[in-house]
Amino acid sequence: MGHNLDFPKSPKKAVAAFEKLLNIEPDNPHGNYLYGMFLSSTAKYQNNSIKFLEKALELGIQDAKYTLGLMHLKNGNSKIGVSYLEDYSKQYPKSRAAMMLKAYKEGKLKFNVSN
């Protein structure tokens, strides 16, 4: 929350807290998911989110597919990103993922690709 409110040093404190948690419990599904979600919401650490979201997915957190799809699209990996969003949309057909996937395929949703 502090990060979203631009409290000084909040991102560094959050990173330190998540890393401490994952050093103790590296296979914590929710810890990996929440850390990946946090990282995806930052400009500085965004590209690091994928490995934690993928681990969360491996550990059973299906919701990670949505953010993984968006991160891969943002990074220019459209085939992988579309695949994640399609899988997520099949599980949750009334989700925002289905709407975003449709817009992306129609060329109405564009990402500034960063590599």
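Predicted model: local features only at pLDDT ≥ 70, side-chain atom pairs only at ≥ 80, totals over all residues.
Start with helix 3, which covers residues 49–58, and helix 4, which covers residues 64–74. Their axes lie 9 Å apart and meet at an angle of about 150°. Angles over 145 degrees count as roughly antiparallel, and helix 3 and helix 4 are therefore roughly antiparallel to each other. Their crossing is left-handed. On the side of helix 3, the contact is made by Ser49, Ile50, Leu53, Glu54, Ala56 and Leu57. Helix 4 contributes Ala64, Lys65, Thr67, Leu68, Met71 and His72. Sorted by class, the residues in this contact are seven nonpolar, three polar and two charged.

Next comes the largest nonpolar core, a group of 10 residues. Its members are Tyr33, Ile50, Leu53, Ala56, Leu57, Ile61, Ala64, Leu68, Met71 and Tyr84. Helix 3 and helix 4 are the elements that give two or more residues to this core. Helix 3 supplies the largest share, with four residues.

Tyr84 belongs to this core. Apart from neighbours within four places in sequence, Tyr84 is in contact with Glu54, Leu57, Lys65, Leu68, Gly69 and His72. Among these, Glu54 and Leu57 also take part in the contact between the two helices on the helix 3 side, as do Lys65, Leu68 and His72 on the helix 4 side.

Leu73 is found in helix 4. Is Leu73 buried or exposed? Its relative accessible area is 3%, and the cut-off for buried is under 20%, so Leu73 is buried. Between Leu73 and Tyr84 there are 9.9 Å in space, C-alpha to C-alpha, and the two are 11 residues apart in sequence.

Methods
Residues numbered from 1 in each chain as written. Heavy atoms only, no water. Axes fitted to C-alpha atoms, helices over the stretch in contact; angles between N-to-C directions. Parallel < 35°, antiparallel > 145°, perpendicular 65-115°, else oblique. Left-handed = near helix turned anticlockwise from the far one by under 90°. Contact = heavy atoms within 4.5 Å. Nonpolar A, V, L, I, M, F, W, Y, C, P; charged D, E, K, R; others polar. Core = buried A, V, L, I, M, F, W, Y, C linked by side-chain atoms within 4.5 Å. Buried < 20%, exposed > 50% of the residue type's maximum accessible area, 1.4 Å probe, protein only.
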